[in-house]
Amino acid sequence: MADSPIQIERQGPVEILTLNRPQALNTFDEPMTFALREYFAGLAERLDVRAVILRAQGRAFCAGLDLAGWENDGSRGLLQHYWRLQRSIAGLLELMRACPQPIIGLGHGAACGAGFSMLLASDVRYGAPDLRMNAAYIKVGLGGCDLGCSYFLPRLVGASIASEYILTGRFMKADKALACGLLSEVVPEPDLLAKGLELAGEMAANAPMGLRLTKEALNRNLDARSLSDAMAVEDRQQVMMLMSEDFAEGVAAFREKRPPEYHDR
């Protein structure tokens, strides 16, 4: 629907999720936040969706928080009102990481605050040349560490670069993000969707359960305490997949020099 805060389009096993508040630079109000939470929570049971592309309408990916879009009807104190707001968006980012489908973020224009965190929570990021991202929180009198940025950013670009941007709130532009590995590629904005679909198609061509377990293992092993712990996760998933019908199909297809036909079995 045109007036919905998010739009969903299906292309085979891939869904394209579009932030649809261009008149407000796709800032987070209450309806958009809860629509996104419902969508990402539901993906756990929608295993026919193999990958998700995240993008936005208008001239900005997401300019952060729309404070005016969160009403307090008087039934909550100020502390409780802001706690609900905070946890609603933070919980969304946790749902993004927990969903079994890889998420490909396509950024353009401004990606500030919560918008920056949404891109950080994606598994792969492509950006248009005009993409500008920042942890805007410190610029408005708050702490610079918010909505997972102090977790995601150091793991993606290293502690020194993360500290530079989180402690200042300065914008990271597309060329810098590419140079430090935060973006996989800088792509002209008209070509972003095609680039995302190409990558999503490559992901979706793999065994469905293998793809899901791979995202899970990558998530867990970002925080692995040791090589042995990381290998324990890998060993578990590989033995599980060795017993699957899709593994037998993958081997047969390789030997017969044909594309595999996986059935998530």
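Two strands count as paired if DSSP finds at least two bridges between them, and strands here are DSSP runs of E with at least two residues, just as helices are runs of H or I with at least four, both numbered from the N terminus. The views below come from a predicted model, in which local features need pLDDT of at least 70, side-chain atom pairs count only at pLDDT 80 or more, and totals for chains, interfaces and linings use all residues. Residues are numbered from 1 along each chain as its sequence is written, and side-chain values use heavy atoms, leaving out hydrogens and water.

**View A. Strand 1 meets strand 2.** Here 6 bridges join strand 1 to strand 2 (residues 14-19), and the two run antiparallel. Look for Q11, which stands opposite V14 in strand 2.

**View C. Helix 1 packs with helix 2.** The axes of helix 1 (residues 30-42) and helix 2 (residues 78-98) are 9 Å apart, at an angle of about 30°; axes are lines fitted to C-alpha atoms, for helices over the stretch in contact, and angles run from 0 to 180 degrees between N-to-C directions. The two helices are therefore roughly parallel (an angle under 35 degrees). Among the residues in contact (heavy atoms within 4.5 Å) are F34 and F40 of helix 1 and I89 and L92 of helix 2.

Key: Angles under 35 degrees count as roughly parallel, over 145 as roughly antiparallel, 65 to 115 as roughly perpendicular and the rest as oblique.
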